[in-house]
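User: I would like a close look at a single part of this model. Please keep it brisk.

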Amino acid sequence: MFRSVMFWAVLAAVLTVLVGDVVLFNKIWHLPLPALDRVKVMAVVAWLVSGVIALLFMLLSFRYTFKPVVGLAFLVTAMASYFSWTYGVAIDQTMVRNVAETDPAEVADLVSGPMLLVLALVIAALVTWWRLPLNYPKGLRGLGVRGGWISLCLVATLALPWMQYDLLAGTVRNYRELRHYVSPINWMDSSVKYVASLTKAPLVHKQLGLDAKLVPPARPRLVIMVVGETARAQNFGLDGYARDTTPELSKEGVVNFSQLSSCGTSTAISVPCMFSVETQADFDVEKAKFSDNVLDMLDRAGVKVVWRDNNSGCKDVCTRVSYQAVADLDVPEQCDQECFDMALLYQLNKLLPAKPQNTLVVLHQKGSHGPAYYKRYPKAFERFTPVCRSNEPKDCSQQALTNAYDNTILYTDHVLAKVIDFLKAVPGYDTGMLYVSDHGESLGEYNLYLHGAPRMLAPSQQTHVPGITWLSSGLEAQLDLTGDCLKARAAQPASQDDVFHSLLGIMGVKTHLYDAKMDWYAPCGGQLAAAERQQDAVGS
């Protein structure tokens, strides 16, 4: 019996679930339920998930499929459990997308001694598993044996949950977030959905805003949009943080959007979403790949658009416009194995056309990407000490982790101030800057770290992001926009949904897709109504 593949299908399923659901059991234990009910819920969930996985293993219980499938399932489950326990992350389709679309530098930041130890233990277990002698049922008798085991397993799997249906159903209904922690079903289901999204028949690219038209400006406009990375408003000095993490920006007369919310909780979602005409409620990241975004419309209307990247790419936003990767530039004073964000400003003037024309430059930061925050800034910006020098946040004190993170914000403050200095000195243009972080970050609140939580369950630390703008007096006059008016707007709730319309507005491009009510730079007072009437005329 102990060599029977069917016996091992059950045992392997149980072990996989016990290893994979440590975080789930911990969350269930902390639910506001009587202790006995919590124990019952854990037992029923473990029984049900083990049964489902055992059925899967039994269906694949053949010589050339069983060990590879079980081994892969155990490996992925163990590593997913490790990251979920270490960083408090939930596993859903967005998290699978983040893993699939990350770059080697981000992967390297996650490698640590504890992770390598866990991996070594898992590999040792898999080597032992691979050498285990098993008996596989053969022929018609084998089909009968498998059929009997599968039938028995199916009945047993359903029996206990059926008897505890009210308790299980009530818990699932009241605590829906738990489903993202049910391993290995969470990563299996999410991976299937992610692969399915990639294997769909390619959509026909949809052009939008074909009526986009540049209203000739009195003087060419140069706007630099900085797409931040992992900056959260809670630690931004301009947003009322106790520490002055934005000392340079506070002297530049910038306007701060204090109630700005992100479209998603990861770069893979937030970046394409903020440039899309679709709002957060309707945004579909796969459809967005086959549809024009605001950069396409600006380019078509005659605005020169350039994307310069110091992150993991533009997530298909800049596919049809000019693109530069900072890693391809020769900036030795800013780059070693990776580049600091000041490299984004290297020979920035060379990106501008020889003859001034309306130009948008997008700079995509490395920003505050974790968990190795201490790598994101030069030593000169290590003002808050001691700092966490581990990529395992739980290895450090809360203060050391926060210190390292705050230093990244301090460095971003410096980079943005230098962008403004550049814009002040550029001849031949009226200039402006817009900074919007893609998403926020958890630093241990609610036992969560990093980002990527499901949007509807994410804490404010991952969705409340900083956003600022700076306008030269010339551009402010062109937009017929007073500083006080813009400050009043910036104090109101805003979202990344507004970025699409705000970029059209600040660059002076009109299209029927433009909504003046969502444009931060729309003229104030009676001028706004006039702008809306003009827009209606364009649409008709």
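Which residues line the largest cavity?

Analyst: First, some ground rules. This is a predicted model, where local features need pLDDT of at least 70, side-chain atom pairs count only at pLDDT 80 or more, and totals for chains, interfaces and linings use all residues. Residues are numbered from 1 along each chain as its sequence is written, and side-chain values use heavy atoms, with hydrogens and water left out.

Now the terms. A cavity is a set of points, on a 1 Å grid over the protein atoms alone, where a 1.4 Å probe fits but cannot get out. Lining residues have an atom within 4 Å of a point. Points are joined across faces, edges and corners, and a volume is the space filled by probe spheres set on them.

The count comes to one cavity of 30 Å³ or more. The largest cavity has a volume of about 60 Å³. Its lining is made of Gly-20, Val-23, Leu-24, Ala-80, Ser-81, Ser-84, Ile-91, His-180, Tyr-181, Ser-183 and Asn-186. Two elements give two or more residues each to this lining: helix H2 (22–29) and helix H4 (66–87). Helices here are DSSP runs (H or I, at least four residues), numbered from the N terminus. H4 provides the largest share, three residues.

Technical notes. 1 Å grid on protein atoms, 1.4 Å probe; cavity = no way out; pocket = protein on both sides within 12 Å on 5 of 7 lines; lining within 4 Å.
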